[in-house]
Amino acid sequence: MAGMSQETGQELRRIVRTNEEIKRVVATAFKINLMAMNAIFLAKRAGQSALGFGVLSNELRRFAIDLQKQMSLLREMTYGSVATVTAMVKQARLNRVLERARKESSGIGRSLIDEFLRTRHNVAFSRHNEQINSLNRRLSQMIADTTQLVELGSVLARSAKIEAAYGGAFSGALMQVSSDFERTIDAIQRSLESLNKQQDANP
Amino acid sequence: MKTARVIYEDGSHKWIAIVRDPNRPDYLIDTNEYLVVDNDDAILLDPGGSEIFPAVFSALSTEFDPRRISKLFASHQDPDIISSLSLWLEFNPQIKCYVSWLWSSFVPHFGGDRDTFVTMPDGGVDIVVGGQRLQAIPAHYLHSSGNFHLYDPKAKILFSGDVGAALLPPGEDTLFVEDFNRHIRHAEGFHRRWMGSEKAKRDWCSRVSQLDIEMMCPQHGAIYRGEQVRRFIDWFAQLEIGVVKG
């Protein structure tokens, strides 16, 4: 019984960590969106010499929007996990109290609690456990999808860097913007790696 | 484990006091719970906090089948009164919890849903248990702003919530008040500090003076009997309340 509540406590802490990491990625995705808008304006100003860069900037903006959508789905999912784990924590606490009541009771009281623990309580707990496992599987899948998306972003950022070299008089400014993209996407990749590790550590 | 003591019995009408847990940790205030049984039906008064649920449940089930408790009465909203609500609901999801309208959206934080609560208007309400009609008596601001006591005209017992409560030291924690003068010293500080409204106190004293009471059962401490009830009401009427010591 104590193990049960320890596990649910750990699960809750893990979800909080995941949520914090997701918040970090959401903030960065928003930054990329703004950076991509600036890059589009810069490419327009640079005109003919930055046509390729302009195309890539548009792609990066689309990437930022997709990433934001993906992150909001992830947040919804962690919210669902928090609700389920909270119900499990409550259930585990209830179980603890009932276990104490069982020890103190005799006669009808004891047989009532025995029957209760045998049926409804354990069923409820295993149902919550199944829900958590399913949420975790979906979360892992979504992190894997996001990692793939971010890899695309990384390729776009590298290509933008190459295109910047052909930007003529704007080359320096374009190089600066594309380096910023690269650094920011690297930061997202690190966050996703950390999310992955948290998922892998999940028993 | 607490002890279930039958304090009144007349045929199928009974009052059972669930009292004194020698294993209670000293950081939890001691509470009394009362079960009023009439035929096959029962109401549990101030069922207590979730931490003491095991002690209450086990003691109660020595005298009565807990599944047959159809009603809970919460004199007010405090955790030592009703935080065990969700546990009682586990055993009987149909159980009804009587609570002041004032707390009807606060107490559900302890459990229950829309169908669980029967809200009591400020003027009080009758609650039927088995074939017996009990009266929820207003005791607002004593100490909670939405507060009720419960009077049983058949048994002539008043459940008085925190009014009459005493924090008894070990060795003096008898079920019934033995020596009023000695006992009341343990009630004085509590009433001075916890009861905040002089007007509410006067109203309550005048209201309960009109009732025929043979036993007054508080949520903490010992039960007043016979003449001690009148002495308590007089003592309380004279007591200066709403005072912070020092």
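**Helix packing and chain contact in a predicted two-chain model**

In chain B, helix α5 (residues 198-209) and helix α6 (residues 227-238) have axes that come within 9 Å of each other and cross at roughly 160 degrees. Because angles over 145 degrees count as roughly antiparallel, α5(B) and α6(B) are described as roughly antiparallel to each other. The crossing in which α5(B) passes α6(B) is left-handed. On the α5(B) side the contact is made by B:K201, B:R202, B:C205, B:V208 and B:S209, and on the α6(B) side by B:I233, B:F236 and B:A237.

The mean pLDDT of chain A is 84, with 94% of its residues reaching 70 or more. Within chain A, confidence is lowest in helix α1 (residues 2-46), where the mean is 78, and highest in helix α4 (residues 171-201), where it is 88.

Chain A has a radius of gyration of 25 Å, well over the 17 Å that the globule rule gives for 203 residues, so chain A is more spread out than a compact globule. Taken along its principal axes, the C-alpha trace of chain A spans about 90 × 20 × 20 Å.

Chain B, by contrast in its secondary structure, contains 6 helices and 13 strands. For its 246 residues a compact globule would have a radius of gyration near 18 Å, and the value of 17 Å found for chain B agrees with this. The C-alpha atoms of chain B fill a box of roughly 45 × 35 × 35 Å along the principal axes. Two local features of the backbone of chain B may also be noted. The peptide bond from B:L142 to B:H143 is cis, with omega near -5 degrees, and B:H143 is found in the loop between β9 (132-138) and β10 (148-152) of chain B. B:D46, although it is not a glycine, has a positive phi of about 45 degrees, and this residue is placed in the loop between β4 (41-45) and α1 of chain B.

The contact between the two chains takes 11 residues from chain A and 15 residues from chain B. On the side of chain A that touches chain B, α2 (51-104) and α3 (107-164) each supply at least two residues, and the residues of that side divide into 6 nonpolar, 3 polar and 2 charged.

One part of the packing between the chains involves α2(A) and helix α1 (residues 53-60) of chain B, whose axes lie 8 Å apart at an angle of about 40 degrees. With this angle, α2(A) and α1(B) are therefore oblique to each other, and α2(A) passes α1(B) in a right-handed crossing. The residues that make this contact are A:V97, A:R100, A:A101 and A:E104 of α2(A), together with B:F53, B:P54, B:A55, B:F57 and B:S58 of α1(B).

How values were computed:
Residues are numbered from 1 along each chain as its sequence is written. Chains are lettered from A and ligands numbered from 1 in the order in which they are written. This is a predicted model: local features need pLDDT of at least 70, side-chain atom pairs count only at pLDDT 80 or more; totals for chains, interfaces and linings use all residues. pLDDT is the predictor's confidence in each residue, from 0 to 100. Helices (H or I, at least four residues) and strands (E, at least two) are DSSP runs, numbered from the N terminus. Two residues are in contact if their C-beta atoms, placed from the backbone, lie within 7 Å. Ala, Val, Leu, Ile, Met, Phe, Trp, Tyr, Cys and Pro count as nonpolar, Asp, Glu, Lys and Arg as charged, and the others, Gly among them, as polar. Axes are lines fitted to C-alpha atoms, for helices over the stretch in contact, and angles run from 0 to 180 degrees between N-to-C directions. Angles under 35 degrees count as roughly parallel, over 145 as roughly antiparallel, 65 to 115 as roughly perpendicular and the rest as oblique. A crossing is left-handed if the near helix is turned anticlockwise from the far one by less than a right angle, and right-handed if clockwise. The radius of gyration is taken over C-alpha atoms; the globule rule is 2.2 Å times the number of residues to the power 0.38.
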